[in-house]
Amino acid sequence: MEAPPVTVMPVTGGAINMMEYLLQGSVLDQALDSLLHRLRGLCDNIEPETFADHELVYLLKGQQGQPFLLRARRSLSHPAAPWHLRYLGQPEVGDKSRHALVRNCVDVAASHSLPDFLNEMGFRMDHEFVAKGHVFRKGTMKVVVSKLSRVLVPGNTENTEQLSLSSLVELSVLAPAGQDTVSEDMRAFAEQLKPLVHLEKIDPKKHT
Amino acid sequence: MQQREEKQLEGAVESLTSRVAHVKNSLQSFIYKLENEYERLTWPSVLDNFALLSGQLNTINKLLKNDKTPSFRNQVIIPLLLSPDRDEDLAKLTEQRVPVFSHEIVPDHLRTKPDPDVEEQEKQLNAEAVRIGPDAAQKQIQTLNKLCSNLLEKLNNPREDRDSENAALRQNKPSFNPADTTALVAAVGFGKNLSKCRPPGPVAPGHPGQGNMMSGGPTLQQVTIGGASGHQGNIGGPVASQQTGQPGKMPSSIKTNIKSASASMHPYNR
């Protein structure tokens, strides 16, 4: 069920294919405050936003190798807000010199019956976690600093256990396919966060 | 000779006035920015302002150190005429800050003595210096010179020497842990170490990293009871091993799953 690389497919109308450019890093809890201050200074000056999200990852195992993955996310701090469903494709292996991880990204909003709907479709929930943290924006760039927790009893988000003593830091940009200047801007921004955090392109498959 | 000196003095005073005016303008714009646009201000632009001020102060210093500048210390300023009347020209020249050149403003604007507390401190330092004695003072001077030359040497040496020392010193305070980075990215990317929740009873070995998670208790009950919906009773291992091929054949595999589920009464076979 793997889609071919997006830049190869012809554009047949409909929505523009958005690509997500991603850089990831982590920061220890003791340095979290200084990182938040620095981000507050570097990013757009709006009130810092905290968030608490519960993400469920659904898998559809096809008969060919790779299972199809969908991520459903709901806000724990705004229970009435719609669910957010996201598909992330395989990372594009085109350009080695590109500084960020690039993958196809499709985002849709969904109603609260999303888990039931996905179950009916045949998806099974593979794992879930709770992410709490802060969101910063600079132009089109989004920086998310989040603490991940594992859900001990499935479905019960009150009872969670922190995964590690670090927080995950992600710098991402959603842009249409083919814009390579985006990764340059991201790298420049990542330079400004050193030596607190080293944001780099981490291929999740390489660390299985 | 006199004329040359006078011309030099005049030229120096003019250039000094223009530099000081530059500093004043940049200070003014910076204060305006801080007071009015603080919501839109970013740290890099604040740093730019500070850098600008520091550069301008540097040029003033260079100007004063210049050989061609006559020593201003030798000049004396004497007010020739003091009047309590408002002077329009002076007011315009100083942007309404000094409207009257009178007895009140002269001691403030033309003072050459330092502030009283600065004077106190200088007196104390002088007393201290006299108290120590010439030998001890000489030793202190030598230590200070040595420290300064050491520091200068370290700063001027090539980068490699500096970095190897600093790397050893900086080990005590790392702000991120690369192992944690990989762990977190793996968790977010494909659920490593998440969903390790095992039910009580015979624990299923085999799938260490991935979950045999139920999306909720009720769904299993539905499957064991009716099985009419498109639900699969088991997820993960059993499904993959029992699927026959085309999606159309799903209903048949469901029956198999239901049987095994009701037989063992546990959703997790593997």
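**Exercise 1. Describe how helix 1 and helix 2 of chain B pack, and which residues make the contact.**

Solution. In this predicted model, helix 1 (residues 2-36) of chain B and helix 2 (residues 43-65) of chain B have axes that come within 10 Å and cross at roughly 165°. Axes here are lines fitted to C-alpha atoms, for helices over the stretch in contact, and angles run from 0 to 180 degrees between N-to-C directions; helices (H or I, at least four residues) and strands (E, at least two) are DSSP runs, numbered from the N terminus. The angle therefore makes helix 1 of chain B roughly antiparallel to helix 2 of chain B, given that angles under 35 degrees count as roughly parallel, over 145 as roughly antiparallel, 65 to 115 as roughly perpendicular and the rest as oblique.

The next step is the handedness: the crossing of these two helices of chain B is left-handed, a term for a near helix turned anticlockwise from the far one by less than a right angle, with right-handed used if it is clockwise. Contact (heavy atoms within 4.5 Å) involves, among others, Leu16(B), Val20(B), Val23(B), Leu27(B) and Phe30(B) of helix 1 of chain B, and Val46(B), Phe50(B), Leu53(B), Ile60(B) and Leu64(B) of helix 2 of chain B. By class, the residues of this contact divide into 12 nonpolar, 6 polar and 2 charged, where Ala, Val, Leu, Ile, Met, Phe, Trp, Tyr, Cys and Pro count as nonpolar, Asp, Glu, Lys and Arg as charged, and the others, Gly among them, as polar.

**Exercise 2. Work out the arrangement of helix 1 and helix 3 of chain A.**

Solution. Helix 1 (residues 32-42) of chain A packs against helix 3 (residues 181-193) of chain A at an angle of about 135°, and their axes are 10 Å apart. These helices of chain A are therefore oblique to each other, and their crossing is right-handed. Leu35(A), Arg38(A), Leu39(A) and Leu42(A) of helix 1 of chain A meet Phe189(A), Gln192(A) and Leu193(A) of helix 3 of chain A, a contact of 5 nonpolar, 1 polar and 1 charged residues.

**Exercise 3. Examine phi at Glu95(B) and Gln96(B).**

Solution. Most residues other than glycine have a negative phi. Phi is positive, near 55°, at Glu95(B) and positive, near 70°, at Gln96(B). Glu95(B) lies in the loop between helix 3 (88-93) and helix 4 (105-109) of chain B, and Gln96(B) is placed in the loop between helix 3 and helix 4 of chain B. Glu95(B) is partly exposed at 46% relative accessible area, and Gln96(B) is partly exposed at 49%.

**Exercise 4. Summarise chain B and the confidence in it.**

Solution. Chain B comes to 11 helices and 0 strands, and buried residues make up 21% of its 270 residues. Its mean pLDDT (the predictor's confidence in each residue, from 0 to 100) is 72, with 67% of residues reaching 70 or more. Over residues 196-264 of chain B the pLDDT is below 50, and beyond near neighbours in sequence this stretch has 89 contacts in the model. For the complex, the predictor gives an ipTM of 0.79 and a pTM of 0.50.

**Conventions.** Residues are numbered from 1 along each chain as its sequence is written, while chains are lettered from A and ligands numbered from 1 in the order in which they are written. Local features need pLDDT of at least 70, side-chain atom pairs count only at pLDDT 80 or more, and totals for chains, interfaces and linings use all residues, with side-chain values using heavy atoms and leaving out hydrogens and water.

Methods
Buried < 20%, exposed > 50% of the residue type's maximum accessible area, 1.4 Å probe, protein only.
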